[in-house]
Amino acid sequence: MMSNDVRTEKINFTCDPETKQYLRIWAARESRTLSNLVEKLVVEAIEQDKKNQTK
């Protein structure tokens, strides 16, 4: 679950232009910023990985 803590850290990653455009459109569909969408996706992936580690 995402924290409501206002202290955040920045991270950069590189992707191809098509991936970035797709993410921008996806974020707009969900009324999110690109950064917020990417954070949501990463948090979900981390939660899934944690579940997989306990198996």
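**Figure 1. Side-chain contact between Asn36 and Arg32.** In this predicted model, the side chains of Asn36 and Arg32 are joined by a polar contact of 2.4 Å. Asn36 has its place in helix 2, a helix that covers residues 34-53. With a relative accessibility of 25%, Asn36 counts as partly exposed. Arg32 is likewise partly exposed, its relative accessible area being 28%. Besides the contact with Asn36, Arg32 takes part in a salt bridge with Glu30.

**Figure 2. Salt bridge between Glu30 and Arg32.** The closest N and O atoms of Glu30 and Arg32 are 3.0 Å apart, and the two residues form a salt bridge. This pair is one of 3 salt bridges in the structure. Glu30 has a relative accessibility of 33% and therefore counts as partly exposed. Arg32, at 28% relative accessible area, is partly exposed too.

**Figure 3. Salt bridge between Glu30 and Lys40.** Glu30 also forms a salt bridge with Lys40, where the closest N and O atoms lie 3.5 Å apart. Glu30 belongs to the loop between helix 1 and helix 2, whereas Lys40 belongs to helix 2, so the pair ties together parts that are 10 residues apart in sequence. The side chains of Lys40 and Glu30 also make a polar contact, at 3.5 Å. Lys40 falls in the buried class because its 17% is under the 20% limit.

Figure 4. Lys40, found in helix 2, forms a salt bridge with Glu44, with 3.9 Å between the closest N and O atoms. An α-helix has 3.6 residues a turn, so residues three or four places apart point the same way. Glu44 counts as partly exposed, with a relative accessibility of 40%. Through salt bridges that share partners, Glu30, Arg32, Lys40 and Glu44 are joined into one network.

**Figure 5. Aromatic pair of Tyr22 and Trp26.** A search of the whole structure finds 1 aromatic pair. This pair is formed by Tyr22 and Trp26, with 6.2 Å from centre to centre and 80° between the planes, an edge-to-face arrangement. The pair is classed as edge-to-face because its 80° is over the limit of 60 degrees. Tyr22 and Trp26 lie in helix 1, 4 residues apart, so about one helical turn separates them. Tyr22 counts as exposed, with a relative accessibility of 52%, whereas Trp26 counts as partly exposed, at 24%.

**Figure 6. The two ends of helix 1.** Helix 1 spans residues 17-29, 13 residues in total. From its first C-alpha to its last, helix 1 reaches 18 Å, close to the 18 Å expected at 1.5 Å a residue. At the start of helix 1, a side-chain oxygen of Asp16 comes to within 3.1 Å of the backbone nitrogen of Glu18. At the other end, helix 1 is followed by Ser31, which has a positive phi, near 55°. Glu30 lies in the loop between helix 1 and helix 2.

**Figure 7. The protein chain as a whole, for orientation.** The secondary structure of the chain comes to 2 helices and 0 strands. The radius of gyration is 13 Å, well over the 10 Å given by the globule rule for 55 residues, so the chain is more spread out than a compact globule. Along the principal axes, the C-alpha atoms fill a box of roughly 35 × 25 × 20 Å. Of the 55 residues in the chain, 9% are buried, and Lys40 is among the buried residues. The accessible surface of the chain comes to about 5300 Å², with 54% belonging to carbon and sulfur atoms.

Technical notes: Residues are numbered from 1 along each chain as its sequence is written. This is a predicted model: local features need pLDDT of at least 70, side-chain atom pairs count only at pLDDT 80 or more; totals for chains, interfaces and linings use all residues. Side-chain values use heavy atoms; hydrogens and water are left out. The expected span of a helix is 1.5 Å times one less than its number of residues. A polar contact is a pair of N or O atoms within 3.5 Å; within protein, one must be able to donate a hydrogen and the other to accept it, and residues adjacent in sequence count only if both atoms are side-chain atoms. A salt bridge is a side-chain nitrogen of Lys or Arg within 4 Å of a carboxyl oxygen of Asp or Glu. Buried means under 20% relative accessible area, exposed over 50%, partly exposed in between (1.4 Å probe, protein chains only). Rings of Phe, Tyr and Trp (its six-membered ring) pair if their centres lie within 6.5 Å; planes under 30 degrees apart count as stacked, over 60 as edge-to-face and the rest as tilted. The radius of gyration is taken over C-alpha atoms; the globule rule is 2.2 Å times the number of residues to the power 0.38. Accessible areas come from the Shrake-Rupley method with a 1.4 Å probe; for residues, only the protein chains shown count as cover.
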